[in-house]
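Please read these points with the structure open beside you.

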Amino acid sequence: MPSKEDGASDKEKILELFLKVGLDERTAKNTIANNKVTANLTAVIHEAAVTDGCSRNVGNLLYTVATKFPANALVHRPVLTQYIVSSKIKIPAQLDAALSFFANTGPENFKTSEFEEACGVGVEVLEEEIKQSVNEVFEENKSAILEQRYKTNVGDLFAHLRKRHPWADPKIVKASIDTKLRELLGERTAEDDVKVPKKKKEKPAKVEEKAIAVSTPEQPAEEILNPYAIFPQPEENFKVHTSVFFSDGSILRCCNSRELLEKHLSVTGGKVLTRFPPEPNGYLHIGHAKATIYVHQAMFIDFGLAKERGGGCYLRYDDTNPEAEKKEYIDHIQEIVSWMGWEPYKITYTSDYFQDLYDLAVELIRRGHAYVDHQTGDEIKEYREKKMNSPWRDRPIEESLKLFEDMRRGLIEEGKATLRMKQDMQSDNFNMYDLIAYRIKFTPHPHAGDKWCIYPSYDYAHCIVDSLENITHSLCTLEFETRRASYYWLLHSLGLYQPYVWEYSRLNVSNTVMSKRKLNRLVTENWVDGWDDPRLMTLAGLRRRGVTPTAINTFVRGIGITRSDCSMIHLSRLEYHIREELNKTAPRTMVVLDPVKVVITNWKDDLIKECEARKWPDSEAESYKVPFSNVLYIERSDFRLKDSKDYFGLAPGKSALLRYACPIKCVDAKDVVLAEDNETVLEIRVEYDPEKKTKPKGVLHWVAEPSPGVDPLKVEVRLFDRLFNSENPAELEDWLSDLNGKSKVVIPNAFAVPTLGKGVGVGDKFQFERLGYFVVDKDLTPEKLVFNRTVTLRDSYKSGKGVGLVSMKRELRLGGEVAAENICLSCRGAITEVRNPLESSLLQVRKVKPYHHQPPCDSEQSPVSSRLLVKVKGRFDLIERIDLRIKLPYSAFSSCMHS
């Protein structure tokens with residue numbers, strides 16, 4: 001892998017190249033910040049053969065080609081660059097006509113004569129002709145020009161002349177217009193430079209009757225409503241969208257022929273087919289949720305796209321490594337996919353295609369694109385670093401065929417030979433350094449048995465199986481982007497159908513690690529309690545913690561499908577969606593985690609009364625019975641010996657309301673029984689208000705003795721918190737030292753209401769009033785229930801600063817405006833920066849302007865602005881989606897939960 005130093009050196013070389021073709025330094029640096037434009041411009045410069053430099057005019061035209069050339073006609077781009085370099089196309093109007101011509105032509109052949117006619121190639125407009133036309137235009141508009149003098153709109157004059165001479169040099173046209181203006185009007189006067197004040201719009205007459213304001217919500221962008229809108233239809237997969245550049249100057253433009261595409265469409269019926277290809281060597285985590293959250297992320301994209309387009313998604317186990325695969329993981333993956341609500345079109349294994357893969361490897365050798373190599377792993381690494389060919393690279397085809405057959409028959413020792421693809425060892429892309437296609441492993445395969453002793457690599461098998469299964473959209477995370485060249489090279493070399501490849505940003509969630517290697521270490525070294533530990537971002541862990549598939553899907557959908565690979569999604573954003581879901585689905589109950597005894601002195605000792613408690617805050621229909629007696633328990637934190645104005649709990653001389661019951665009052669400090677340390681409260685004696693005349697502000701949850709002298713129901717409660725203290729522990733060298741020592745706190749004897757012990761099973765979810773959302777854990781026994789905390793009622797994590805993420809489809813220009821939804825007004829003064837991860841650049845905040853108000857948010861402290869306008873300074877190319885990261889303090893971030 002290239003080092004960071006190599007990356008910096010590459011950027012310097014690219015900057016030097018861009019400066020050579022006439023770009024100014026600022027434009028060149030801004031271009032390098034955009035990976036897509038950088039790749040396109042570099043390709044165009046090589047196609048035009050101007051790596052040693054060119055005129056500024058040619059460079060500017062080539063830059064336009066790099067940013068605007070139609071994707072469906074990339075095969076013709078080198079033709080256009082040669083017309084520019086040879087000055088047959090030399091003005092923007094000609095280039096615009098050429099781009100329009102190719103957009104309509106696509107990849108099909110065209111007639112040179114028609115192209116040149118459409119672009120004005122060979123048409124020379126003489127300066128005398130231009131001057132004559134300028135005189136005519138001025139004569140037609142003379143009265144208006146004399147009236148407006150130098151305030152005349154020159155653009156209108158240009159438009160008249162462009163109709164007469166579309167291929168005229170704009171510099172000569174501009175000079176002729178300026179000369180004619182001076183001839184007609186003379187030199188500019190001071191009066192000519194006075195700006196004409198803008199006319200103020202007349203305000204409409206006031207109407208006595210007040211108009212009723214009707215709020216019309218702005219329609220979200222299509223990508224917000226449908227994140228899959230960015231993907232093309234299967235029948236469009238004949239367009240070139242990837243170019244592979246070889247060190248000898250040749251270029252492979254990857255696309256399907258019409259014949260290959262029609263054959264593919266006849267098999268699929270034009271349906272979308274995707275694949276979710278996990279390796280069965282570990283547990284799925286949240287990142288897989290976007291592919292299903294990293295796994296879920298992947299699942300959401302792969303299964304979601306197929307479902308949205310009425311197609312199907314293969315669940316394909318990428319089981320090319322027989323030493324790592326386990327039945328345990330295969331069963332787990334299938335179970336989690338089902339739990340997430342996805343149904344595979346088919347369940348397949350890469351090993352199902354081992355014979356096809358072998359046959360195609362033989363064909364690859366026959367075509368001269370593969371060879372058997374005897375270098376060791378260290379030798380291969382050394383030769384790749386030096387960009388040197390293997391000494392066996394050019395061995396005869398027949399020799400490689402025989403040796404590969406010997407490998408298959410087990411006649412060559414493990415590690416003594418590999419089959420390598422003959423790609424490009426001098427390429428700038430290290431994933432073209434003759435990748436290994438087959439290795440020898442004398443290990444039986446869990447699925448294929450002992451038939452094979454050679455196994456294909458991921459780089460060889462992945463793309464071929466995509467093609468064999470007629471996958472329409474091969475979607476993966478951005479770390480695989482550099483492998484796209486190898487992917488298409490192999491399919492092209494074998495003459496196979498080529499799926500549409502698209503990479504998306506990997507889902508990164510704060511305060512955790514997502515790497516399978518790091519997760520494996522946490523599990524195997526017993527830092528956590530297995531792959532389904534509720535603190536892990538594995539989908540098994542999230543399920544055990546009580547997170548629902550709906551909450552995960554909503555979270556991933558809200559993030560969207562982007563190529564921004566520099567963003568960290570704060571855990572609080574996921575927690576927000578979890579709360580939203582559980583608030584609607586989890587019935588309420590009462591549990592006291594840290595109980596302190598309360599004795600009601602004016603209540604009969606043996607009197608047990610039942611109170612009606614609500615399961616749902618807005619429904620009186622569903623309720624449950626709660627015993628109320630003279631001995632009950634409240635949270636220790638709900639009592640203080642010293643009162644304060646901002647405290648609403650119980651204290652000497654102060655009242656509090658028992659939820660669903662009555663007000664109680666601790667009359668005096670003498671009513672508090674302390675332990676020998678004179679600090680620990682053992683018992684609080686109170687009086688209740690039978691008339692309910694007092695109206696205390698504080699409301700307390702509680703649990704009473706179900707009968708005299710009998711303790712309430714005891715349950716075990718596990719409080720889970722963030723696994724790591726840092727937002728991005730993966731960046732730390734000693735990342736294990738950042739583990740949060742308080743990420744799991746076990747309360748063995750919490751008190752619960754009696755109804756909680758009846759008919760409760762694993763996975764049942766509840767809101768413990770005033771405490772949070774909890775789920776019944778699989779460790780429950782007939783003697784004791786065990787609950788895991790899913791999430792608190794509010795985000796109370798206040799370390800450092802948080803990041804609110806807002807997604808909008810927007811074309812940003814200089815001084816552009818960006819709309820952000822649901823930002824609390826208390827936050828707007830605290831915005832410290834706005835960042836566009838797609839460009840890795842910081843935007844300068846120019847103006848923050850709130851719009852119409854809505855009712856108060858959950859904090860009940862500040863109204864919500866349904867729309868916030870942030871004026872930013874910056875210039876960007878058109879992008880499909882922009883994820884703005886707005887930085888602000890956690891105090892505001894957690895109070896309105898605008899994430």
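**Notes on the predicted model**

1. Seven strands make up an open sheet with mixed pairing, in the order β13-β27-β28-β29-β25-β26-β14. Helices (H or I, at least four residues) and strands (E, at least two) are DSSP runs, numbered from the N terminus. Two strands pair if DSSP finds at least two bridges between them. The edges of this sheet are β13 (588-589) and β14 (591-592), each of which pairs on one side only.

2. This is a predicted model, in which local features need pLDDT of at least 70 and side-chain atom pairs count only at pLDDT 80 or more, while totals for chains, interfaces and linings use all residues. Residues are numbered from 1 along each chain as its sequence is written, and side-chain values use heavy atoms, with hydrogens and water left out.

3. Four bridges join strand β25 (residues 713-720) to strand β29 (residues 785-792), and the two are parallel. Val 715 is opposite Leu 785 of β29, and Val 717 has Phe 787 of β29 as its bridge partner. With β28 the sense is antiparallel, over five bridges. Here Tyr 773 stands opposite Val 791 of β29. As a reminder, strands of a sheet pair through backbone hydrogen bonds, either parallel or antiparallel.

4. Is β29 mostly covered or mostly open? Seven of the eight residues of β29 are buried, so the strand is mostly covered. Buried means under 20% relative accessible area, exposed over 50%, and partly exposed in between (1.4 Å probe, protein chains only).

5. Contact means heavy atoms within 4.5 Å. Axes are lines fitted to C-alpha atoms, for helices over the stretch in contact, and angles run from 0 to 180 degrees between N-to-C directions.

6. β7 and strand β8 (residues 418-421) are joined by four bridges in the antiparallel sense. Asp 373 has Thr 418 of β8 as its bridge partner.

7. How do helix α8 (residues 127-140) and helix α11 (residues 170-185) cross? Their axes come within 10 Å and cross at roughly 45°. The two helices are therefore oblique to each other; angles under 35 degrees count as roughly parallel, over 145 as roughly antiparallel, 65 to 115 as roughly perpendicular and the rest as oblique. The crossing of α8 past α11 is right-handed, meaning that the near helix is turned clockwise from the far one by less than a right angle. Residues in the contact include Ile 130, Val 134 and Phe 138 of α8 and Ile 172, Ile 177 and Leu 184 of α11. By type, the contact residues are eight nonpolar, two polar and three charged. Ala, Val, Leu, Ile, Met, Phe, Trp, Tyr, Cys and Pro count as nonpolar, Asp, Glu, Lys and Arg as charged, and the others, Gly among them, as polar.

8. Asp 192 sits in the loop between α11 and α12 (222-225). With a relative accessible area of 8%, Asp 192 is buried. Beyond its neighbours within four places in sequence, Asp 192 is in contact with Arg 149, Tyr 150, Lys 151 and Glu 187. Tyr 150 and Asp 192 are 42 residues apart in sequence, yet 6.1 Å apart in space, C-alpha to C-alpha.

9. Why is helix α19 (residues 458-468) described as largely enclosed by the rest of the structure? Because nine of its 11 residues are buried. Among them are Tyr 460, His 462, Cys 463 and Ile 464. Asn 470 follows α19 and has a positive phi, near 55°.

10. Two more residues deserve a check. Most residues other than glycine have a negative phi, and most peptide bonds are trans. Asn 511 has a positive phi, near 60°, and lies in the loop between β12 (500-504) and α21 (516-524). Its relative accessibility is 2%, so Asn 511 counts as buried. Lys 692 also has a positive phi, near 55°, and is in the loop between β22 (681-688) and β23 (699-700). At 43% relative accessibility, Lys 692 counts as partly exposed.
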